[in-house]
Amino acid sequence: VSPGGIVREDPRDINVRAVNDFAGVGGYGGHTPNQIEKILTGRKVSVSASVGRTSESISGYAAKSDAEQLFQAIHLITTDLRKDTALYIAARDRQVALLEAAKSNPTQTVLRDSLPSMIYGGNPEALPLTIDQIKSLDYDKILETYKSRFSDMGDFTFFIVGDFEPDSIKPLVERYIATLPNTARGETWQRELALPMANQSRNNHFTYEVSTPSVFVIDMLIKDNPTYDLKNILMAEILSSILDQQYLVSIREEEGGTYGVSAIGSEDEFPTPTSQMMIVFQTNKEQAEHLNQRVKDEMKEMVDKGMNQEFFDKAVLNMKKQFDENQHKNNYWMSQLEMQVLRDRNTDEKFLETLNSITIEDVRQYLKNIMTDNTYLEMIAIGEPAAKEAAATPAA
């Protein structure tokens with residue numbers, strides 16, 4: 001991973017925003033994607049490159065016996081991207097066809113477009129490309145963006161986790177990583193240029209046509225929180241679990257109005273530190289307003305009267321179990337290394353100590369803070385069949 005991203009190019013340019021979708025369609029190392037698949041038949045190797053808003057990254061994995069093929073692929077995908085106009089046109093046309101077909105599933109289209117618009121205050125940079133935009137893309141500009149972002153590998157940090165001895169992969173690092181281009185461009189992190197979330201509360205209720213009636217309800221609370229730390233991160237996770245359990249009883253079992261309610265809490269550090277809680281559920285038109293009001297009332301009741309101790313204890317216990325399981329997972333240690341090296345944060349070392357220090361009162365106060373002077377976003381998307389046309393004249 002390295003600092004950079006589309007903010008170093010032009011994040012308003014649709015060709016820059018399309019880089020992850022289309023830059024790699026031609027393959028790499030002189031081979032098409034189909035040829036690469038055949039070359040790697042029988043091997044467990046996968047690699048990909050992507051450009052984020054403020055960073056670019058390469059990720060991959062391999063069986064221990066296929067490590068060299070992984071390192072070779074990393075070198076090629078960054079230095080020898082293959083241009084293939086015919087494959088690009090085919091990929092573009094497939095994407096257009098998928099979006100055209102999605103029109104027959106309006107719910108998918110509504111969530112794809114309306115949700116990011118709500119969360120990011122209508123910022124066009126957050127919205128997926130439209131059919132017309134995709135049709136007007138410039139393949140050469142897409143490739144230029146990709147090559148620009150990977151033209152200097154000198155500011156990349158490589159993290160390697162797995163079942164190996166360091167000396168065993170040193171020759172691979174020297175051959176395939178150390179020989180990557182280094183132009184000393186000297187880019188630094190600009191994480192503060194991450195997309196800002198909406199800062200004005202808004203209710204967005206609308207109706208759209210579907211064949212099968214359904215309603216999606218989404219509530220989102222966003223609150224500035226100047227303290228971004230492990231305790232707040234863990235409290236967001238505990239609160240999410242408590243709300244999941246609470247709504248399982250009240251909204252699903254007592255009301256019978258949905259198959260389930262998902263509470264998704266998180267802490268973001270950039271562009272500015274914020275606490276967020278998103279509540280999502282699917283129901284019917286008749287119950288939507290009532291259930292959504294109950295969701296909000298029960299959060300307020302937790303602040304006023306306290307939380308269920310059993311739900312809190314279960315949340316903490318499950319997090320401890322997950323922490324124990326994570327100690328044996330490569331992806332966990334990969335994320336820990338990235339956090340420690342790139343952001344100077346060690347969330348593993350203090351995890352249990354911090355988790356054990358959190359009380360149910362801490363979580364109540366955390367929820368109270370989120371619910372006070374926040375940005376509140378609400379979306380109720382009502383899918384209804386089209387109005388029935390006048391009955392046709394019966395056949396004679």
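Student: Over which ring does the charged end of arginine 191 sit?

Tutor: A charge sits over a ring if CZ of Arg is within 6 Å of the ring centre and within 35 degrees of the ring normal. In this predicted model, the charged end of arginine 191 lies over the ring of tryptophan 189, at 4.0 Å from the ring's centre.

Student: Which residues does threonine 54 touch?

Tutor: Leaving aside residues up to four places away in sequence, the contacts of threonine 54 include Trp189 and Arg191, and also Ser2, Pro3 and Gly4. Threonine 54 itself belongs to the loop between β2 (45-51) and β3 (55-62).

Student: Is threonine 54 buried or exposed?

Tutor: Buried means under 20% relative accessible area. Threonine 54 has a relative accessible area of 13%, so this residue is buried.

Student: How many aromatic pairs does the structure hold?

Tutor: The structure holds nine aromatic pairs. One of them joins tyrosine 146 and phenylalanine 150: the ring centres are 4.7 Å apart and the planes stand at 40°, so the pair is tilted. Another tilted pair is formed by phenylalanine 206 and tyrosine 208, with 6.3 Å centre to centre and 45° between the planes.

Student: Are tyrosine 146 and phenylalanine 150 buried or exposed?

Tutor: Tyrosine 146 is buried, because its relative accessible area is 5%. Phenylalanine 150 is likewise buried, at 1%. As for the other pair, tyrosine 208 is buried with a value of 9%.

Student: Which residues form one aromatic cluster?

Tutor: Tyr146 and Phe150 form one aromatic cluster together with Phe156 and Phe158.

Methods:
Residues numbered from 1 in each chain as written. Predicted model: local features only at pLDDT ≥ 70, side-chain atom pairs only at ≥ 80, totals over all residues. Heavy atoms only, no water. Helix = DSSP H or I, 4+ residues; strand = E, 2+ residues; numbered from the N terminus. Buried < 20%, exposed > 50% of the residue type's maximum accessible area, 1.4 Å probe, protein only. Contact = heavy atoms within 4.5 Å. Phe/Tyr/Trp six-rings, centres within 6.5 Å; stacked < 30°, edge-to-face > 60°.
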